[in-house]
Structures are given as C-alpha cells and as structure tokens.
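Student: I am new to this structure. Can we look at it together and test each label against its definition?

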Amino acid sequence: MINASESLRRQIRDEVAAIAPYDDLEKSVITDTLVWIDAGTEIFRREKPATPPKHLVSYFLLADGDYILLVDHIKAELWLPSGGHVEPNEHPRTTVEREIVEELGIKANFAYPEPQFITATTTVGKTAGHVDVSLWYLVLGDRFQQLEFDRDEFAQARWFHRSDMPFKRSDPELRRFLEKVS
C-alpha cells in the first residue's frame with residue numbers, strides 16, 4: 001500500500017518526467033531531478049534557510065500578454081518571478097496557489113496546471129549556497145489589477161514588457177523560460 005507521502009512523491013516525479021525539455025540543459029536537469037526524487041532523499045525544505053541543502057521551489061510567472069510581473073526580492077537581491085519553497089507534503093501547484101495569495105493577494109489562474117519548466121540553481125544573495133530545484137508555472141494575470149505585494153519579502157513588484165526585462169539582475173534562467181513559453 002502506498003502512503004500519502006509516497007503518492008505525492010510519485011505525482012511530483014510524474015510531472016517532472018512530463019516536462020518537454022526546451023534544450024539540453026533542461027533535459028539534464030530533468031534527468032538529475034528524477035534520479036534525486038527516485039533516491040528517496042528529502043525533497044522538501046525542513047528548516048530555513050537551507051535544510052536540506054537541495055529542495056523544491058515553485059516559481060510562477062504572472063503574465064498579461066507581453067507583460068510579466070517580477071518582484072524585487074530583498075534576500076535574493078534579484079528581480080524574480082514570485083514563488084516559494086514547497087512545504088513538506090505539499091504539491092508544488094498548491095505552493096503556487098498559496099504563495100500567490102500570500103505574496104500578491106490574488107488567486108491563481110493557471111495557463112496550464114502543470115509546470116512548464118524546471119531549473120536547478122545555486123542561490124545567491126543573503127541566503128546563498130543551497131540548490132533550489134524550481135518548477136516554473138505560467139499564471140495568467142491582469143496588469144491593471146491591484147496587487148498587495150508582501151513588502152517584507154519584496155522591495156517592489158513591477159510589470160515588465162518582454163522587450164524590457166531586467167535580465168542582468170534576475171534569475172539566470174528567466175530568459176530561457178520566456179523563450180520556451182513564447
């Protein structure tokens with residue numbers, strides 16, 4: 001009999017395996033992530049900031065046509081998509097639903113229910129040095145809707161046109177994600 005934790009691990013594994021890789025780098029991350037999940041090691045962060053030193057994160061890119069919402073993350077010191085660490089025994093999609101309310105004060109309107117991209121990135125900034133295995137979701141937004149962003153976590157939230165993205169001070173994988181979902 002499969003318990004709830006094993007069932008969730010299998011669901012996450014299946015969603016990772018179903019991601020169509022954009023390039024060889026993403027294909028490699030998918031392969032490495034499947035090995036990591038199959039090894040049975042802890043995949044959820046248990047203690048802040050980095051225990052275990054490799055864990056799941058859910059990013060969501062809030063998009064309104066050619067406009068993308070990014071947040072100026074205080075600890076990372078980067079313009080990032082919103083998102084957060086996947087809580088123990090939480091599905092990454094549920095993380096998006098929880099985080100979008102906590103961080104922006106709105107409900108998630110998924111363009112697709114499954115992640116569209118996956119990355120494994122060593123963090124920078126004030127909590128540097130651990131690896132975030134990030135599942136990236138695309139969420140539909142309205143750039144004219146009032147947002148109540150988390151001012152303890154973000155210096156600001158701003159809509160950027162795709163032609164004016166702050167790539168020099170953003171997640172190094174943001175450009176690839178935008179290319180993939182274009």
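Tutor: Start with Arg-176. Beyond its neighbours within four places in sequence, Arg-176 is in contact with Tyr-22, Asp-23, Leu-25, Glu-26, Phe-117 and Thr-119. Contact means heavy atoms within 4.5 Å. This is a predicted model: local features need pLDDT of at least 70, side-chain atom pairs count only at pLDDT 80 or more, and totals for chains, interfaces and linings use all residues. Residues are numbered from 1 along each chain as its sequence is written, and side-chain values use heavy atoms, with hydrogens and water left out.

Student: Why does Arg-176 count as buried?

Tutor: Its relative accessibility is 13%. Buried means under 20% relative accessible area, exposed over 50%, partly exposed in between (1.4 Å probe, protein chains only). So Arg-176 counts as buried.

Student: What joins the side chains of Arg-176 and Glu-173?

Tutor: A polar contact of 2.3 Å. The term covers a pair of N or O atoms within 3.5 Å; within protein, one must be able to donate a hydrogen and the other to accept it, and residues adjacent in sequence count only if both atoms are side-chain atoms.

Student: Where is Arg-176 placed?

Tutor: In helix H4, residues 174–181. Helices (H or I, at least four residues) and strands (E, at least two) are DSSP runs, numbered from the N terminus.

Student: Why does Lys-168 count as exposed?

Tutor: Lys-168 has 88% relative accessibility, so it counts as exposed. Lys-168 is in the loop between strand S7 (154–161) and H4. From Lys-168 to Trp-79 is 89 residues in sequence, but 9.2 Å in space, C-alpha to C-alpha.

Student: How many helices and strands does the protein have?

Tutor: There are 4 helices and 7 strands. Their order along the sequence is α-α-β-β-β-β-α-β-β-β-α.

Student: What share of the residues is buried?

Tutor: Buried residues make up 46% of the 182.

Student: What share of the contacts with a separation of 6 or more is between residues 24 or more positions apart?

Tutor: Such pairs account for 67% of those contacts.
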